[in-house]
Amino acid sequence: MKYEIHTQGKLVFTQENHALRKGFSEYECLIPNSVNLDKLDALCRNLQILAYGARVSSIPQFVKIIKDILNYLRENCLDIPDGQGWDGFIYDFFCFYLTDDKYSKAAINTRQSAWCMYSLYFDQLKISGIVPSETNIPAAKIREIKSDAERSKGYTLGEFVEAVGSDQFHSSIGKNNYLIDLSFALNKDEQLAEIERRLKKYSDVVRDAVLAYWNDMRGAHLAGRKLISKIPKGDIENVVKTRSYYVKINGEWCHLASMRNPDGLAWFLSAVNYFFTETDLLDVVSVGNISKIDFFSGVFKRKSLIHELVDGLRGISNSPLMNEVEITEVIARHLGLLSARDCAAACVLLAGEHPNFTADSISKAALLSYKDKNYIYSGFNNKNLIFGVTKPRATSRKVAILSPISVMVLEGVVEATAELRRKLKAKDHGGSRSLFIISSRVGVGQPNNILIKINAGKGPSLYSSIERNLDGLDIPPATFTISRVRNTKGILKWFETGSIREMSVSLGNTERIVIKHYMPPWILRKANERLVRRFQQKLIIIAAKDSPWLLEASDFSQHSDLLNYVTKLLEITNKGDPVSDAFLSRWADRHEDEYVGGVGGELMVNLSPNSLSLLYAYSEWCSKNLSDEDLETKNITVGISPKALVDLSSLIKAAATGEDVSGVELIVRTKVQGDSHRSLKSMHSIAVSLAKKYLQRLDSMHI
């Protein structure tokens, strides 16, 4: 973030922002006459330090700190204080910040929540020595909300809460089934199964409807390509060079791109495509820009001629959606370009297939490349496709192997944005790295209204385009969002596995965040009930082991079902509490024909050349010097056998040396390699050399 203090009483902050056409965001503050500019410069420098490395989207919140301070100084005709004056200044500013209704209409709880950033800023001023270290900074604490599950983030597709007056309620009884809903009579499992079926249906119908929209859009791209291929580029270049724009049809002269010419539609679209891709005359696709090109001067004299051509394009697509699309978008779509609404459809499909990606992270995703290959091609061989996005709030990167639908969507996006990406790269514009790029009347770049176009915004939204395909399901526009698509998928994962952990993995969050923000109360109650029931069952199985009434006491009808349940418990039970220890000691020694499995978990390995070299040397020594029986013998202290370390060594070596991997192998390698496969390869290379030295020491030892 940069800033500049102008003598005209203006303070301007700028931040590089490739999502905008101009490449940067700009924020302006008015400076009161009472303020010393040198003192203001010191405040701005410290704000710069505080905002260093922050997300672009959070910069306005930092700027607002200075803006609010300047508003306070203006209202009270004050200057920035010195030394001990800061104590009273901060307290008075705090009161102004909470009560001001002239410069801000924010609710009190919103102001209290945002005050933590102001506190951080004043702490930064303490560090720099501007504010005395003993100065007190007031706190604006909000009572902790114990459960946010009933907030909008916790809702699913089609689920909403609305306050209804008594007159509205009585008028709606006749057309709704409020009074004859007998779902309360179902037992809990049946009721939850019914909810699961409903959520699954909503999720599938939304996916199919958006997929139908996507295929329809891609069909228009294909129809446009076929039309463009009818006119060779050489013919267009010859016509443009000689300015021979007219041709005789039935004895009358007409423009090549006129509908009176049998090939007029092909000439129109081919010529637009030529000027867009081969020249600098058409940077942005719009009727106004096209009409300025000499070739089209005879076509755009009358609006009726333009409408004839556009109606012709609508006709070749044979899609009812085309009638809802404005003229510029019709032309752009047949050129193979995306609109913000198309990008919204892609985001919904990607979020549905990979719910660990948030709405914000998908809509602002970047498409990187390596050796002229897109980042989504992990093996650079079109076999293994990986999609990675950054979750800004989590300051992490989420990666998933793509499903077939996601592969199709992303390949379509990459193809439809290739020409626009080339144009931006030629201008060295940072926006060329955006996954989604569109051409609109305002220019070429990443659309900033993708999330709005899902269910609202100017013109037809994605929701209005797919509403006819929702099979009559009650999904109001406000409940059709990427967040709800994700949350529905996460809850379905809970239904499938019964595990909050699996749900958290599906959504890319921690279990604590999922429970607090994403789990509806009824699921939370069911999860707690399940924990209690499993604990009770575990106690019964421990107490009744080897007794003749074990099967009856545990409520299982068959011995095999009981053993399967025990197996599952053993896989997830770890030592550490008396009940788990008792369970493991009594059941973990079952014969292999009754129980096959072990205690599950994740092994944390400190990857470094030194640790790997020791592991390689030890595993090689064990393989040469220990018998099969010794290899399988577990060490009492650490609870693992030499064979386990030999296998671990082989796994890491395979991960480091394997290049062309796919499917499960790729998932395993991603788990093993850590942050970078290249780093693992480098460490492996060094470790192999060091291992020879350690192996010599082991060989010289007498054990």
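Biologist: What should I know before I start?

Modeller: The model is predicted: local features need pLDDT of at least 70, side-chain atom pairs count only at pLDDT 80 or more, and totals for chains, interfaces and linings use all residues. Residues are numbered from 1 along each chain as its sequence is written, and side-chain values use heavy atoms, with hydrogens and water left out.

Biologist: How are two packed helices described?

Modeller: By the angle between their axes and the distance between the axes. Axes are lines fitted to C-alpha atoms, for helices over the stretch in contact, and angles run from 0 to 180 degrees between N-to-C directions. Helices (H or I, at least four residues) and strands (E, at least two) are DSSP runs, numbered from the N terminus. Take helix H1 (residues 37–51) and helix H2 (residues 59–76): their axes are 10 Å apart, at an angle of about 160 degrees. That makes H1 roughly antiparallel to H2. Angles under 35 degrees count as roughly parallel, over 145 as roughly antiparallel, 65 to 115 as roughly perpendicular and the rest as oblique.

Biologist: At what angle do H2 and H4 pack?

Modeller: About 75 degrees, with the axes of H2 and helix H4 (residues 108–128) 10 Å apart. That makes H2 roughly perpendicular to H4. Met-117, Tyr-118, Tyr-121 and Phe-122 of H4 take part, and residues of H2 including Phe-62 and Ile-65.

Biologist: How do H8 and H10 cross?

Modeller: At roughly 100 degrees, and the axes of H8 and helix H10 (residues 303–317) come within 10 Å. H8 and H10 are therefore roughly perpendicular to each other. Gly-264, Leu-265, Phe-268 and Leu-269 in H8 meet Leu-309, Gly-312, Leu-313 and Ile-316 in H10.

Biologist: What does Thr-277 touch?

Modeller: Glu-419 and Arg-422, not counting residues up to four places away in sequence. Thr-277 lies in helix H8 (residues 264–278). Thr-277 and Arg-422 are 145 residues apart in sequence, but 9.5 Å apart in space, C-alpha to C-alpha.

Biologist: How many cavities of 30 Å³ or more are there?

Modeller: One. On a 1 Å grid over the protein atoms alone, a cavity is a set of points where a 1.4 Å probe fits but cannot get out; lining residues have an atom within 4 Å of a point. The largest cavity holds about 80 Å³ of space. Its volume is the space filled by probe spheres set on the points, which are joined across faces, edges and corners. H12 gives the largest share of the lining, four residues. The lining divides into five nonpolar, two polar and three charged residues.

Definitions and conventions. On a 1 Å grid over the protein atoms alone, a cavity is a set of points where a 1.4 Å probe fits but cannot get out, and a pocket is an open set with protein on both sides within 12 Å along at least five of seven lines; lining residues have an atom within 4 Å of a point. Ala, Val, Leu, Ile, Met, Phe, Trp, Tyr, Cys and Pro count as nonpolar, Asp, Glu, Lys and Arg as charged, and the others, Gly among them, as polar. Contact means heavy atoms within 4.5 Å.
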